[in-house]
Amino acid sequence: MHRTTARTTTRTTTALLAAVLAGTALGAAPAWGRPADGPQSVHQVEPRPVHQVEVFAEDGGISRAQAPAGSPYLADRPQGVAPVRGDGEVTALVHNGEPAAKLDVVVVGDGYTAQEQEKFRADATAKWRELTAVEPYAAYRGLFNVWAVSAVSPESGVTGDPDQATVRHTALGSYFWCDGVERLLCVDEKAVESYAARAPQADLVLVVANTTKYGGAGYNDVKSPVGYEGIATVSGGNARSGQIAVHEIGHSLGKLADEYAYEGQGTYQGDEPAEANISTLTAERMRQQGTKWARWLGQASPDGGTVGTYEGGGYYPTGLYRPTENSIMRSLGREFNLPGREAMIAGFYRHATPLTSPTPAGSRLTAADRLTVDLPVSGTRLRWYLDGRELPRLADRTSLDLAELKLTGPRSRPHALTAVATDPTPAVADPALRAKLTASLSWLVAR
Ligand SMILES: [Zn+2]
C-alpha cells in the first residue's frame, strides 16, 4: 500500500478558509499547514504549539508528522447556557476496581450526536476488544478500568470524511488530512483534556471518531495536568485502527521507543538512549555490560525470530539497534517483542496493583470476620503471614474465615495479618522491574 504524503491541496485550503471565515475556528486562528505551504501562510497568525505526532499507514508502516495543538473544526459551545444533555456523561465500560488500584483508560467520542451516544459506547467497547486481543493487554485486562466520556457533537462524522471538502464541526474538532496527510486524524488537545477530566482518573486517553475511514494519530509528547501522558486517536468504525492504540500505549505505558527509521536520517551520534528497546550497543557489548535487553538475547520473541541487535531504530537507520526485526513498535499488526512486553507489564504495574481487597488495609478485624482479597491477574501467587511468620497452609487462598487463624492472647493485642501477592510471570526478567510485581496488604486481627 502506498503512503499518502501529498501536501494540502487547493481544495483543502478552500475548505479551511471557509471554516475560518465562518468564524467557526476556536481562539485566534488555526495554525494549519506550514509556512512552506504557500497560500495558507497569508493569514499571518501566531502559530499554535505544534506537536510531533505519528501517522499510521494501512500496511502497518509508521512515520511522523506535525500537528497543531488546536483544531479549526471545533463546534461552537454555547456559553452561559445549559449544557447539551448527556454531554460529558461518564459510563464505566469496564470496571475492575478503585481507580487508584487500576489503570484507567478514558475513551472520548467525537463526531457522535446526542442520538448516537449508544453507537459511541458500542464503538468504544469494540476498540477495547481489539486492544485487549493483543498480549500483554490480554493477560492483564483485569488491571484496567475503561471509562467512556460522552462528547456530544452537533454534527455526525468528522472533517475530511469521505473527502477533503467535507467539513464538520464537532466536540473535539477531529479532522483527517492533518498536516496534509489523509489518514492523519488530529484533534483539539484542549477539548480532549476538558472531557478526559470528567473521568474519575485518566492514565491513558483514546479518542474514538465516528467514521469508518482508516486513520488515527499518536500524540506521545503530551503531558496533561489531568495525568495522562499520551493521546491516541482512532476511527471508531475501522477495525484496523485499534492497532494504533496498541502501538501508542507502548509509548505512554511501556516508555518504549519507536523501532522504525527514516532513510536519510544518518547515523545516530548521541548517548545511550533511555528507552528499554533501542541501544547503541551491539549484542556482544550488551551481553558484556549486562544492560538493556541482554537477558533476552538469543530467545525466541513473540513477534517472530530471535532477540538480537538489529540495526535501525529510534528514527535512525544506523547507529541504533532494536531487539527484533519487526515488532509493533516498528509496524502495526505485530506483537510486542520480549523487551517490549517486559516494559509493558512493568508499565501496567506502575499504575495498577496485583492485590486488592474490599476490606481496607489497616482495618481492625476479629475472628468473626471473613476476609477476601482479589488477584486481578491469573497466575498470581498469594502468601499469608501472621506477625511476620508465613502460614504456608493458607497459600493462594483468596478468602479466609479469620476464626481459622485460631488466634490467642488478649483482644487488646491484635495480630498483624499480611497478604503478599506476586505475579510470577517469566515475561519480566529485570530484578528492578520484578519488584513492582509484588504487593502486600495488612490488617489487624484480634480473637
Ligand atoms: Zn510510535
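Trainee: Before we start, what should I know about the model?

Mentor: It's predicted, so local features need pLDDT of at least 70 and side-chain atom pairs count only at pLDDT 80 or more, while totals for chains, interfaces and linings use all residues. Residues are numbered from 1 along each chain as its sequence is written, and side-chain values use heavy atoms, with hydrogens and water left out.

Trainee: Why is Glu54 called buried?

Mentor: Buried means under 20% relative accessible area, exposed over 50%, and partly exposed in between, using a 1.4 Å probe and protein chains only. Glu54 has 1% relative accessibility, so it counts as buried. His251, at 10%, is buried too. Across the chain's 447 residues, 55% count as buried.

Trainee: What makes His247 a donor of the zinc ion?

Mentor: Donors are N, O and S atoms within 2.8 Å of the metal (3.2 Å for Na, K and Ca); water is not among the atoms, so sites may look incomplete. The protein donors here, which include NE2 of His247, lie 2.0 to 2.1 Å from the zinc ion, and Glu54, His251 and Asp258 supply donors as well. Along the sequence, the donor residues follow the spacing E-x192-H-x3-H-x6-D.

Trainee: What makes a set of residues a nonpolar core?

Mentor: The members are buried Ala, Val, Leu, Ile, Met, Phe, Trp, Tyr and Cys residues joined through side-chain atoms within 4.5 Å. The largest such core has 45 residues, and Phe348 is one of those touching the most other members. Helix 6 gives the most to this core, with five residues.

Trainee: Which residues is Phe348 in contact with?

Mentor: Contact means heavy atoms within 4.5 Å. Leaving aside neighbours within four places in sequence, the partners of Phe348 include Leu103, Tyr137 and Leu253.

Trainee: And is Gly215 buried or exposed?

Mentor: Gly215 has 0% relative accessibility, so it counts as buried. You'll find Gly215 in the loop between strand 6 and strand 7 (216-219). Not counting residues up to four places away in sequence, Gly215 touches Phe176, Thr233 and Ile244, among others.

Conventions:
Helices (H or I, at least four residues) and strands (E, at least two) are DSSP runs, numbered from the N terminus.
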